[in-house]
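Thanks for coming. I have one model to go through, and I will keep to the computed geometry.

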Amino acid sequence: MCIKRQAFDNVVHAADTLLTWFDQEPEEVYANWSRRVDGVGSVFTGTLSFADGANATILFDFATRHRRQMEFIAVGERASVDGRQDAGMPPPASQRRTALRYGPHAPRGLVVELPLSHTLSPGSFLASRADFIQAIHNGCEPWTSGARVLQTMRTHIALRQSSDTGRPVHPASIGRSA
């Protein structure tokens, strides 16, 4: 169960990133979690469907023997984005494969790849904290908000529920009485 918790703890970051890009909560999510036959490692997959027809996937592979991989792909009306971070390899190799690729649908063939140097550590949240402090100092709204965090948490809980039940879940229904 410890591995499952770790996978879900990391999934919240991918869900938050995707919701930020789409600037909306998904209408429906479907997730699956499985363990390797020998009980070592797990794989988490999640699919998010948005009202405008866009979709996104999250894949966290903690089962592959030679590496651990966390990636997500988002495809919308104007572009597609995919990100990948390999972890569990000895440094500095674990950070060489971290990348984000952006490909607009027009013009065809254009792709921008951004190498990323952050890790999922307290230092990687520096920009969010700096923005919050700057918003307090300037008396304006921060980039993130309680409403955004609520959407992320509903999506995260919906992914977990879907994984547990094997059925799609509507994040908007989380926290509401039936």
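Predicted model: local features only at pLDDT ≥ 70, side-chain atom pairs only at ≥ 80, totals over all residues.

I will start with the overall layout, then take the core, the last helix, the side-chain pairs and a few backbone details.

First, the ground rules. Residues are numbered from 1 along each chain as its sequence is written, and side-chain values use heavy atoms, with hydrogens and water left out.

Now the layout. The protein has 4 helices and 7 strands. Helices here are DSSP runs of H or I with at least four residues, strands are runs of E with at least two, and both are numbered from the N terminus. The order along the sequence is α-β-β-β-β-β-α-β-β-α-α. Of the 178 residues, 32% are buried. Buried means under 20% relative accessible area, exposed means over 50%, and partly exposed is in between, with a 1.4 Å probe and protein chains only. The accessible surface is about 10900 Å², and carbon and sulfur atoms hold 56% of that; the areas come from the Shrake-Rupley method with a 1.4 Å probe, and for residues only the protein chains shown count as cover. Among contacts with a separation of 6 or more, 43% are between residues 24 or more positions apart. A contact is heavy atoms within 4.5 Å.

In soluble globular proteins, nonpolar side chains tend to be buried together. In this model the largest nonpolar core has 22 residues, and those with the most contacts inside it are L18, F44, L48, A56, I58, F60 and L159. At least two residues of this core come from each of α1 (2–22), β1 (28–35), β2 (42–49), β3 (55–61), β4 (68–75) and α4. The largest share, 5 residues, is from α1. By definition, such a core is a set of buried Ala, Val, Leu, Ile, Met, Phe, Trp, Tyr and Cys residues joined through side-chain atoms within 4.5 Å.

F22 is in helix α1 and F50 in the loop between β2 and β3, 28 residues apart. Both are buried.

On to helix α4, residues 146–165. The helix has 20 residues and spans 28 Å from first C-alpha to last, close to the expected 28 Å; the expected span is 1.5 Å times one less than the number of residues. Its buried residues are T152, R154, T155, H156, A158, L159, S162 and S163. Just after α4, G166 has a positive phi of about 75°.

The distance is 3.3 Å, N to O. R148 is partly exposed at 25% relative accessibility, whereas D23 is exposed at 53%. E25 and R154 form a salt bridge as well, with the closest N and O atoms 2.7 Å apart. E25 is in the loop between α1 and β1, R154 in helix α4, and the two are 129 residues apart. E25 is buried at 15%, and R154 is buried at 15% too. The count is 2 salt bridges, taking a side-chain nitrogen of Lys or Arg within 4 Å of a carboxyl oxygen of Asp or Glu.

Last, some local details. D23 has a phi near 55°, positive in a residue other than glycine. The peptide bond from A106 to P107 is cis, with omega near 0°, and P107 is in the loop between β6 (99–104) and β7. E113 lies in β7, residues 112–115, and is partly exposed at 48%. Beyond four places in sequence, E113 contacts A99, L100 and R101.

That is the end of the tour.
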